[in-house]
Amino acid sequence: MQKTTLQIVKEMEQALERAEVDCSDYFHDDFDWIANFGCGTKRGLEEFERAWYKPFRDAFGDRHFATEHYLEDGNWAACFGHCEATHHGEFMGIAPTGKRIKIPYIDFWRVENGKIAENRVSVDFPAILAQLGHDIFTGKGWDKLDSAPAKNASLSFA
Amino acid sequence: MTTMNKTRPEQAILSRDTDISKTDETKAVIEGMVDGLNDHRITDIGEFFSDGFKWMGNTGCGTKNGLKEFQENWQKPFQAAFSEKVCIDEARLYMGEWAAAFGRQEAIHSGTFMGIEPTGKKVEIRYMDFWKVVNGKIIDNWVMVDFPHVVAQLGQDLFNGEGWETYDRGEKEPPRPEN
């Protein structure tokens, strides 16, 4: 039976959680990984592995992905959630602290012929830095306007 | 059929909490809301959002509890910093009570933003959204708006050269994990 878009995406996520080295079962060789500022743009599977997957694993160990909701519409799927991980390698100039941190993310995937062809991503690097004691917005973030953080707001660390 | 399959595998586990019959209603609310925001409506935007809705943004954007905080602590500062805003979804997905989109807002930097005086520059403000719609109104909105990218377009790097784009451009060699 042909796999659904979401099944393909879920299998890929489980493989990444297991830190499977070869991801070619899930991604086309020339897939595009396009993320927010600070994370970059990876053209193709090799670049994704070299310039995202490996440095991410180097900085953050014992990763657990807590995805809160998945959505599927045709050949697109999307999800949001956070990764819980241990800061065990240097991250953006900050030496390992051993802290357990939460890394919020949103992902969109476009699937073609059973594999991911495009991955649009937001990973909240400023949230990581904030948990490591560094406010990149130097007090000017709009979270300073908030009354109180919402309950169960997985994406918010205000 | 000669045999009965007693233990059929459970189907559609990932979407079992989603009421697919609600997809059309969700679509109507989200489309109306996007048009409403593009028309710069603030005071009557409650047509699309429930009073107690939660807007949960990424670091630098914050969490807005309820419509009033969304208007006061998101819409107003946004309109103070940016004008002539146009919102363009690049992909939009619907599934039951849920919708998701990513895209960009194009706007003019016409007011102070993160301490940067107005430059008059046209900027791209990239975003990703997840919405949950119940009884015709948005009750939850999870959001990531790329403020560091906006600041970069105004000439400042909030990551001080530590962004992983340096790996993409070959300016730095990424580490290789042992695990």
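## Strand pairing in chain A

Strand β4 (residues 76-87) of chain A pairs with strand β5 (residues 100-112) of chain A in the antiparallel sense, over 11 bridges. Within this pairing, Ala77(A) has Trp109(A) in β5(A) as its bridge partner. The model described here is predicted, and it scores ipTM 0.92 and pTM 0.90.

On to the next pair: β5(A) and β6(A) run antiparallel and are joined by 8 bridges. Tyr105(A) stands opposite Val123(A) of β6(A). The two strands form a hairpin with 2 residues between them, and Asn113(A), in the turn, has a positive phi of about 50°. By contrast, β1(A) and β6(A) run parallel, with 5 bridges between them. Here Ala35(A) has Val121(A) in β6(A) as its bridge partner.

## The sheet of chain A and its helices

Which order do the 6 strands of the open sheet in chain A follow? The order is β2-β1-β6-β5-β4-β3, and the pairing is mixed. β2 (41-43) and β3 (60-73) of chain A stand at the edges; each has a single partner strand, so one side of each is left without a neighbour in the sheet. On average, neighbouring strands are turned by 20° against each other, direction ignored.

Two helices of chain A pack on this sheet. Helix α1 (residues 5-17) of chain A touches β3, β4, β5 and β6 (115-123) of chain A, and its direction makes about 175° with that of β3(A). Helix α2 (residues 45-59) of chain A touches β1 (27-35), β2, β3 and β4 of chain A; the angle between the directions of α2(A) and β1(A) is about 60°.

## The sheet of chain B and its helices

In chain B, 6 strands form an open sheet with mixed pairing, in the order β2-β1-β6-β5-β4-β3. Its edge strands are β2 (63-65) and β3 (82-95) of chain B, each of which pairs on one side only. The twist from one strand to the next averages 25°.

Strand β1 (residues 49-56) of chain B is joined to β2(B) by 3 bridges, and the two run antiparallel. Trp55(B) stands opposite Lys64(B) in β2(B). These strands form a hairpin with 6 residues between them; Gly60(B), in the turn, has a positive phi of about 100°. β1(B) also pairs with β6(B), in the parallel sense and over 4 bridges, and Lys54(B) stands opposite Asp140(B) in β6(B).

Helix α1 (residues 23-38) of chain B lies across β3, β4 (98-109), β5 (122-134) and β6 (137-145) of chain B, and runs at about 170° to β3(B). Helix α2 (residues 66-81) of chain B packs on the sheet and touches β1, β2, β3 and β4 of chain B. The direction of α2(B) makes about 60° with that of β1(B).

## Contact between the chains

How many residues of chain A are in contact with chain B? There are 54 of them, in contact with 47 residues of chain B. The elements of chain A that each supply at least two residues of this side are α1, β2, α2, β3, β4, β5, β6 and α3 (125-131). By class, the side of chain A that touches chain B has 29 nonpolar, 12 polar and 13 charged residues.

## Nonpolar core

In soluble globular proteins, nonpolar side chains tend to be buried together. The largest nonpolar core of this model has 87 residues. Those that touch the most other members are Leu71(A), Ile103(A), Ile116(A), Ala99(B), Ile138(B) and Val143(B).

Ile138(B) is one of these. Not counting residues up to four places away in sequence, Ile138(B) touches Val29(B), Met33(B), Phe48(B), Phe49(B), Ser50(B), Phe53(B), Trp131(B) and Val133(B).

## Confidence in chain B

Chain B averages a pLDDT of 90, and 89% of the residues score at least 70. Among the elements of chain B, α1(B) has the lowest mean pLDDT, 89, and helix α3 (residues 147-153) of chain B has the highest, 98.

Notes:
Residues are numbered from 1 along each chain as its sequence is written. Chains are lettered from A and ligands numbered from 1 in the order in which they are written. This is a predicted model: local features need pLDDT of at least 70, side-chain atom pairs count only at pLDDT 80 or more; totals for chains, interfaces and linings use all residues. Two strands pair if DSSP finds at least two bridges between them. Axes are lines fitted to C-alpha atoms, for helices over the stretch in contact, and angles run from 0 to 180 degrees between N-to-C directions. Two residues are in contact if their C-beta atoms, placed from the backbone, lie within 7 Å. Ala, Val, Leu, Ile, Met, Phe, Trp, Tyr, Cys and Pro count as nonpolar, Asp, Glu, Lys and Arg as charged, and the others, Gly among them, as polar. pLDDT is the predictor's confidence in each residue, from 0 to 100. A nonpolar core is a set of buried Ala, Val, Leu, Ile, Met, Phe, Trp, Tyr and Cys residues joined through C-beta atoms within 7 Å. A residue is buried if 20 or more other C-beta atoms lie within 10 Å of its own, exposed if 12 or fewer, and partly exposed in between; C-beta atoms are placed from the backbone.
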